[in-house]
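Here is a quick walk through a two-chain model, written for someone who likes to know the cut-offs. Have the coordinates open as you read.

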Amino acid sequence: MIYDFLYNLTGSSVLAGFLIALLPLFAFILPFALFAVLLERKVAGHIQDRLGPMRVGYHGILQTIADIIKLVQKEDIIAKENDKLFFNIAPVLTFVGSYAAFAVIPFSSIFLGAKIDLGIFYIIAVTGLVVAGILMAGWASNNKYSLLGAMRSAAQIISYEIPTILVVLSIVMMTGTMSLFDLSENQTGYFWNWYILGGPSMSLQKFLLIPFMLIGFLIIYISTLAEVNRTPFDIPEAESELVSGYHTEYSGMKFAMFFLAEYANMFAVSAIVATMFFGGYQSPFGYLGNSLNMSWLIPLEQFFWFIFKGIFFVFVQMWLRWTLPRLRVDQLMAASWKYLIPIAFVNLLIIGFITLI
Amino acid sequence: MSIKTEEMVLNMGPQHPSTHGVLRLELTLDGEIITKVVPHIGYLHRCFEKHCEVMTYPQVIPYTDRMDYLAAMGNELGYVIGVEKLLGIQVPERVEYIRVIMAELQRIASHLVAIGTYGADIGAFTPFLYCFRDRERILNLFEITCGARLLYNYIWIGGLSHDLHPDFVRLTKEFIREFKPNLKELNNLLTFNKIFIDRTANVGILPLETAINFGITGPMLRASGLKWDLRKDDTYSVYDKFDFEIPVGSGKMGTVGDSWDRYYVRVLEMEESIKIIEQAIAQLPDGDVTSAIPKKIKPPVGHIYSRVENPRGELGYFIVSDGSTSPFRVKVRAPSFVNLQIMDELCRGHLVADVIAILGSVDIVLGEVDR
């Protein structure tokens, strides 16, 4: 485990814990954000029959770095009417909310920030901070568009947490664990052991579960789209109506914080979906390390598969964003309360019955 | 005890991503429900009408371009037809055909912008760029014809500034051939998208009665169900020689006259425009396009109202001549200006997001609203 390694290195459990908490940020979130922003622009470009950034570096690979340098140089504007304290806290809080979720996400069998048993529960609780940050930003900006955006965002995230939780509940009920690490370990072996295909046991249960797991996956994917404010649910920042919603008034690095939080969030939800339904860090075809008798290779392979799955779902989010129009706020609520929640609820019951068999 | 709620006044614009220019909408909101919309205009006022009074007749043409800058050919055509009638000039066949081709290409270009930006307003950004890609090719056609891409000064009194480029016919045919499948793709991507239909069907329903009372023209009026198109009903130029349909709103996805109908009428009109262009190119006669341009333009005392079907509706010019070389008065009936009046009527009771959907479906060009 990386924690043990760090503990031996520093000789202090506090320092080791501190370092391991920083690790996802520096080893993963920042590089990922750099990559994802570029990916987003390239995906958008190619979907829209153009090339995307091409000037900075080979095929624009340095574009995000140039953007960040620009953002760092920007003046940090705080308008006179802003509520300074909350205005300054809000981006940090939003970022913390999405960053803290990474603590329990197992990147591989040895790379896990905190091995707590309540992993999923913790994520659901801690991402609630994002809502507080968004509301705070909207209120402190003292701008009508920001406020409307923040209100919508809060309403949306709270409504869509319910179907998410119902699906999570069905998984928890079926497996009896809330730990993301245990969930990943359960799905070891080949891809037919993934929960999307009914889980590892080879029984009648597995085959009965498959359709309902698919439904569960679709529900949770749709709701996570809404939770991270992506199209077709990007109403809080609908630029055609609300300019850019709750972060209209932000500039410079504070804006970059929101931006970073958005991309970190995108990966976090994709990682959770991948962990719950697609085997987490488990390879779909067995490990090269096993066949070559090189056990040190396995964690690296696991890391690769985890990132691959996560980025695949992030790519699907981008794909949807550049294809679909945006729902209206009442239709968004209707989609959650009238369709997703009842379906998720029935799905939960059915999965419960099947588990009892 | 009842809770007292206050209405909020929200200024949308003049600098807002989707007011299509410098329009300011003063929205009165009860929560997110619209109770009143007051459009404030005039941010782009350039004294077009007053300006005309000190210009000679041909000098006015470039200024007409700048009104509805997305449909400059149509603007020129309306003005030029009026002055030609005052002068009593008959222009050669070839000129008429080229004018029709240009006006119809311009209609496609203009509708592409309308549809694309409408998609962007609803949140679908990709169709917007697809539309602009196709519009770009039309602008290229205009560029090889007269050198300008947006404001052409191409249609002159009595003729045209240039004849067609030798490649024009070939390139136009090529464009039409490639544009047809693109239009189909656009329909698949946007027009029949479930979310798009949910956002636009049954939103901002404009009953025919109200439309007529407000003097609405163009695709908006047709979407409400009236088959009224000046190209057929008060035909001008050589439009009577072509075979085309007038699409009207059918309420296919909701109610007749909703935003989706207004959008879809524009899509269908592009198909009809393609038909007209194809026929016009096939029949294009030979001739000299500058032969009928008069040396001295000095219409006799009198006045005329000439109107053409622009992409946004009936564009009318009331031209008064006092016998001198410059018009005594030019009054423009701008379709965008008239159509914009309906905003309050259409938006009341809808949500903020619908204002955008409705404004996009009205399809205004601020250059024309303010002049």
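## A sheet in chain B

Strand β2 (residues 24–30) of chain B runs antiparallel to β3(B), and seven bridges join the two. Strands here are DSSP runs of E with at least two residues, helices are runs of H or I with at least four, and both are numbered from the N terminus. Two strands pair if DSSP finds at least two bridges between them. In this pair, L25(B) sits opposite P39(B) of β3(B).

Before going on, note that this is a predicted model, where local features need pLDDT of at least 70, side-chain atom pairs count only at pLDDT 80 or more, and totals for chains, interfaces and linings use all residues. Residues are numbered from 1 along each chain as its sequence is written, while chains are lettered from A and ligands numbered from 1 in the order in which they are written.

Contact means that the C-beta atoms of two residues, placed from the backbone, lie within 7 Å.

## Chain B as a whole

Chain B has 15 helices and eight strands. Some overall values:

| Property of chain B | Value |
|---|---|
| C-alpha span along principal axes | about 80 × 45 × 35 Å |
| Buried share of the 371 residues | 50% |
| Share of contacts (separation of 6 or more) between residues 24 or more positions apart | 70% |

Buried means 20 or more other C-beta atoms within 10 Å of the residue's own; 12 or fewer is exposed, and in between is partly exposed, with C-beta atoms placed from the backbone.

## Over to chain A

R230(A) is in the loop between α9 (204–227) and α10 (239–242) of chain A. R230(A) counts as buried because 21 C-beta neighbours lie inside 10 Å. Leaving out residues up to four places away in sequence, R230(A) touches L225(A), Q317(A) and R321(A).

Where the chains meet, 22 residues of chain A contact 26 residues of chain B.
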